[in-house]
Amino acid sequence: MNFQLSEEQEMLINSVQAFVKKELLPHEDEVDRQDNVSPELASDIRQKAIKAGLYAFNMPIESGGPGLDFISQALIERELSKCSWALHVNVARPSKILMACKGKQIEEYLKPCVAGNKIDCFALTEPGSGSDANAMNTKASKDGDDFILNGSKHFISHAGYADFAIVFAVTGTYEHKGRSRNEVTAFLVDSNSAGLTIRRGPNCTSNRGYHTFELFFDDCRVSSQKVLGETGKGWDVANDWLTAGRVMVAANCVGQAQRALDASLSWSANRKQFGKSIGMNQGISFKLADMATEIRAADLLTLYAAEKMDLGSLSDADAGMAKLFASEVLGRAVDEAVQIYGGMGLMDQIPIERMWRNARIERIWEGTSEIQRHIISRELLAPYQN
Amino acid sequence: MKILVPVKRVIDPYVNIRVKSDQTGVETDNVKMSMNPFCEIAIEEAIRLKEAGKAEEIIAISIGNQQCQETIRTALAMGADRGIHVLTDEILEPLALAKVLAKIYEEEKPGLVIMGKQAIDGDNNQTGQMFAALTDLAQGTFASKIDIEGDMAVVTREVDGGLQTIKINMPAVITTDLRLNEPRYASLPNIMKAKKKSIEQKSPADYGVDIAPRLKVLKVMEPPKRQAGIKVESVSELVDKLKNEAGVI
Ligand SMILES: Cc1cc2nc3c(=O)[nH]c(=O)nc-3n(C[C@H](O)[C@H](O)[C@H](O)COP(=O)(O)OP(=O)(O)OC[C@H]3O[C@@H](n4cnc5c(N)ncnc54)[C@H](O)[C@@H]3O)c2cc1C
């Protein structure tokens with residue numbers, strides 16, 4: 001087992017750190033306070049990310065991306081996450097599901113997303129179906145050569161700024177263990193389609209400036225040319241990439257936790273009470289030791305999963321363990337960071353309270369902690385089932 | 001035109017420097033190392049000259065231990081074309097560096113040598129000047145602006161009390177000041193390309209240079225800790241303390 005990063009990976013880390021420090025972090029305060037990223041700033045970051053070669057760094061060479069290994073991708077995620085999502089989302093990672101594009105879809109959707117000419121969003125969750133995604137209500141019924149979509153989605157990140165949505169809708173049902181299950185199809189739906197209304201969702205505690213939207217489909221006509229993958233095979237296109245995406249979420253959590261630890265270390269060393277640095281007390285220094293140990297473990301678990309992706313042997317549980325552990329470690333790390341900072345930890349003059357707020361989403365999206373445990377335990381118990 | 005750019009590996013400028021407990025130097029184990037910021041500026045300037053069509057090839061040179069290869073690789077990822085690594089574990093003084101660089105200069109015959117005005121470790125600010133003396137080249141030190149006009153370089157220098165602009169014959173050596181430019185970070189495609197660029201490995205003996213240190217370091221110590229200040233009640237108390245305690249007036 002080799003834990004040594006390559007020279008390129010080290011350089012990549014340095015470049016991304018410089019990018020975050022120079023192009024993203026200076027805006028974090030204002031974006032958080034105003035709960036908004038101006039279109040000019042978003043476009044400026046996008047252009048700079050394109051120039052730095054970081055835009056769509058998650059995509060393979062055949063679709064115009066750099067074709068990085070997954071470890072390198074995880075390392076980039078880890079560094080980008082040392083700044084709010086609201087900003088680093090503009091260093092776009094198009095949905096990998098777009099790799100299922102075929103024929104004209106490649107030129108119309110996949111390539112423009114990689115080149116930075118189009119923005120995608122991922123529309124799965126509905127008010128009535130979150131963790132139980134297959135229970136969705138949005139329906140797509142066949143009408144000649146088209147499908148007619150009816151229903152609604154919510155919590156859809158950045159849909160208001162996207163050119164199109166990857167929409168999941170029910171196109172039929174089938175029997176599974178004596179129960180009727182939805183057969184789901186993925187569609188590429190342009191944001192300006194007739195019959196689609198996109199509305200800003202409620203304000204969110206985490207990642208101010210990064211908004212979710214609600215999508216309403218009212219007899220929205222979509223050509224069958226816009227089916228992503230095959231009709232009825234929506235989960236086939238989604239599942240592999242949802243699993244892989246969880247490893248990147250884990251890397252993101254590790255980066256956020258490292259940022260909280262770095263801040264905590266310097267505060268512990270510099271803040272004096274009772275005539276000495278607070279870090280001289282075991283009550284504080286042991287917190288630092290625990291944070292650092294847990295973050296190291298989360299990092300290794302994440303890189304292990306990334307390595308398995310590179311080897312083509314990632315299991316659902318590998319990704320689930322990394323996402324579960326890293327997001328929970330992050331939760332503990334930011335909470336301890338607030339404690340170490342004392343009252344200042346809750347004040348909006350410094351980024352600690354922001355890190356604390358931003359961390360909370362990570363245990364919820366891309367599959368909650370409970371769902372990850374469900375996935376992990378299902379895989380563990382599989383050999384015992386007959 | 002070829003441009004030679006020496007790059008030095010130093011402790012990262014954002015790292016807290018700690019003195020070794022035996023007082024023989026500063027701690028470098030497990031400490032993040034980076035390219036000297038003034039050398040980064042030198043590489044950036046060379047790349048800009050190349051992008052402006054004023055230079056064809058940029059050669060990054062580093063003299064020092066095996067890890068200096070990483071520093072050269074960083075220069076290659078920023079945009080330098082090839083590297084020369086002079087491998088040695090010796091402690092390096094400015095004169096030794098200048099002598100090795102002078103030999104490389106003779107071999108490569110560049111139109112310009114651009115280097116940092118100093119490295120942030122020793123803060124010597126000598127290598128460029130010594131190199132100019134050894135090679136008999138014109139020198140433009142502390143540059144905050146460089147223009148190439150035919151076979152002359154117009155260099156704006158940061159001097160005490162303002163800016164001085166000089167016009168010097170090329171080949172020349174120019175040392176960089178902080179305000180010359182803002183170095184780029186290596187782009188992802190360039191990082192990938194850097195792997196394929198060549199780094200030639202040499203030793204000081206290849207150049208017939210004796211690099212043994214001429215100075216002996218007796219002791220390295222931390223600067224004395226500053227005492228906390230006090231508040232004085234009145235101007236007369238201040239004057240009294242300045243006169244009788246500080247002895248400055
Ligand atoms: C800011 C934000 C951005 C988002 N962006 C997107 C997006 O871009 N696209 C998209 O499609 N979705 C998006 N989501 C939706 C997100 O993926 C869901 O919120 C998530 O899957 C959880 O669903 P839910 O909120 O409906 O919670 P629920 O599924 O209702 O869960 C509520 C609680 O019950 C628990 N629970 C549910 N089922 C079980 C079970 N079987 N066993 C044990 N516990 C269980 C959950 O773990 C959770 O604790 C986003 C959400 C947020 C908050």
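This is a predicted model: local features need pLDDT of at least 70, side-chain atom pairs count only at pLDDT 80 or more; totals for chains, interfaces and linings use all residues.
Trainee: Which residues come nearest to the ligand?

Mentor: Of the 18 residues around the ligand, the nearest are A:Leu124, A:Gly130, A:Ser131, A:Thr368 and A:Glu370. A residue is near a molecule if its C-beta atom, placed from the backbone, lies within 6 Å of it.

Trainee: How does the shell around the ligand divide into nonpolar, polar and charged residues?

Mentor: The shell has 10 nonpolar, seven polar and one charged. Here Ala, Val, Leu, Ile, Met, Phe, Trp, Tyr, Cys and Pro count as nonpolar, Asp, Glu, Lys and Arg as charged, and the others, Gly among them, as polar.

Trainee: Why is helix 1 of chain A called roughly parallel to helix 3 of chain A?

Mentor: Helix 1 of chain A and helix 3 (residues 70-80) of chain A pack at an angle of about 25°, with their axes 9 Å apart. Axes are lines fitted to C-alpha atoms, for helices over the stretch in contact, and angles run from 0 to 180 degrees between N-to-C directions. Angles under 35 degrees count as roughly parallel, over 145 as roughly antiparallel, 65 to 115 as roughly perpendicular and the rest as oblique. Helix 1 of chain A is therefore roughly parallel to helix 3 of chain A.

Trainee: Which hand does the crossing of helix 1 of chain A and helix 3 of chain A have?

Mentor: This crossing is right-handed. A crossing is left-handed if the near helix is turned anticlockwise from the far one by less than a right angle, and right-handed if clockwise.

Trainee: What makes helix 6 of chain A and helix 7 of chain A roughly antiparallel?

Mentor: The axes of helix 6 (residues 234-270) and helix 7 (residues 282-311) of chain A come within 9 Å and cross at roughly 155°. With the limit for roughly antiparallel at over 145 degrees, the two helices therefore receive that name. Helix 6 of chain A passes helix 7 of chain A in a left-handed crossing. The residues of their contact comprise 18 nonpolar, four polar and one charged.

Trainee: Why is helix 7 of chain A called roughly antiparallel to helix 8 of chain A?

Mentor: Helix 7 of chain A and helix 8 (residues 316-341) of chain A pack at an angle of about 160°, with their axes 9 Å apart. Helix 7 of chain A is therefore roughly antiparallel to helix 8 of chain A. The crossing of this pair is left-handed.

Trainee: How many residues of chain A are in contact with chain B?

Mentor: In chain A, 13 residues are in contact with 12 residues of chain B. Two residues are in contact if their C-beta atoms, placed from the backbone, lie within 7 Å. Helix 1 (residues 7-34) of chain A gives the largest share of the chain A side, seven residues.

Trainee: What is said of the peptide bond from B:Met170 to B:Pro171?

Mentor: This bond is cis, with omega near 0°. B:Pro171 lies in the loop between strand 9 (162-169) and strand 10 (172-176) of chain B.

Definitions and conventions:
Residues are numbered from 1 along each chain as its sequence is written. Chains are lettered from A and ligands numbered from 1 in the order in which they are written. Helices (H or I, at least four residues) and strands (E, at least two) are DSSP runs, numbered from the N terminus.
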